[in-house]
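Please study the sequence and the structure before reading each solution.

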Amino acid sequence: MIETLWMIEPWHWLVLGFLLLIVEMFVPTFASLWFGAAAIIVAALSWLLPISISVQVIIWLVLSAIFLLAWFKFIKPLSVDRTAAGLGGSVIVGETGMIIVQPQPDRAGTVRFSVPIVGAAEWVCRTRGEQVAVGDRVVVTDIVGNELIVSSMTSQAAINKNRQI
């Protein structure tokens with residue numbers, strides 16, 4: 001009786017692995033994914049090689065730890081959100097973008113950023129009397145309501161040069 005309780009077949013590991021992968025679909029934390037992948041690998045190894053149950057459990061624990069470590073050390077840092085969503089508007093000041101719709105004195109233009117900033121890649125913009133054309137690189141100097149105040153890169157460089165003198 002006790003021998004049958006400790007009898008784990010390869011298909012048990014396979015079922016455990018797929019159950020953990022299914023759990024991952026409903027709880028997207030990337031926690032059970034690695035345990036499930038390790039269980040599937042143990043299932044394949046136990047089908048191919050005669051491995052005792054204690055070695056199977058050790059392999060599962062070691063693979064799970066390796067997968068978790070690889071996730072947190074190498075893979076997760078690649079997926080860091082650089083949009084600054086949820087932060088205050090002051091994170092936009094100093095960012096550079098490109099004019100895609102030219103601002104006029106009577107209507108606002110549009111500036112596009114290469115990386116979305118505060119949740120959006122395109123923002124409504126105006127200048128302070130300065131002329132900018134479509135395709136010009138601009139720097140955000142201020143925020144008024146939901147509109148960005150932008151200045152051309154060349155005029156901003158001249159201002160910075162005068163400040164240094």
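A residue is called buried under 20% relative accessible area, exposed over 50%, and partly exposed in between (1.4 Å probe, protein chains only). This is a predicted model, in which local features need pLDDT of at least 70 and side-chain atom pairs count only at pLDDT 80 or more, while totals for chains, interfaces and linings use all residues. Residues are numbered from 1 along each chain as its sequence is written, and side-chain values use heavy atoms, with hydrogens and water left out.

**Exercise 1.** Determine whether Trp13 and Trp60 are buried or exposed, and classify their ring pair.

*Solution.* Step one: Trp13 and Trp60 are both buried. Step two: rings of Phe, Tyr and Trp (its six-membered ring) pair if their centres lie within 6.5 Å; planes under 30 degrees apart are stacked, over 60 edge-to-face, and the rest tilted. The whole structure holds 4 aromatic pairs. One of them joins Trp13 and Trp60, with 5.8 Å centre to centre and 45 degrees between the planes, and is tilted. Step three: Trp13 belongs to helix H2 (residues 10–26) and Trp60 to helix H4 (residues 53–75), so the pair ties together parts 47 residues apart in sequence. Trp13 and Trp60 also form one aromatic cluster with Phe35.

**Exercise 2.** Classify the pair of Trp34 and Trp71, and state which helices it links.

*Solution.* Step one: the ring centres of Trp34 and Trp71 are 5.8 Å apart and the planes stand at 35 degrees, so this pair is tilted. Step two: Trp34 lies in helix H3 and Trp71 in helix H4, 37 residues apart. Step three: Trp34 and Trp71 are both buried.

Technical notes: Helices (H or I, at least four residues) and strands (E, at least two) are DSSP runs, numbered from the N terminus.
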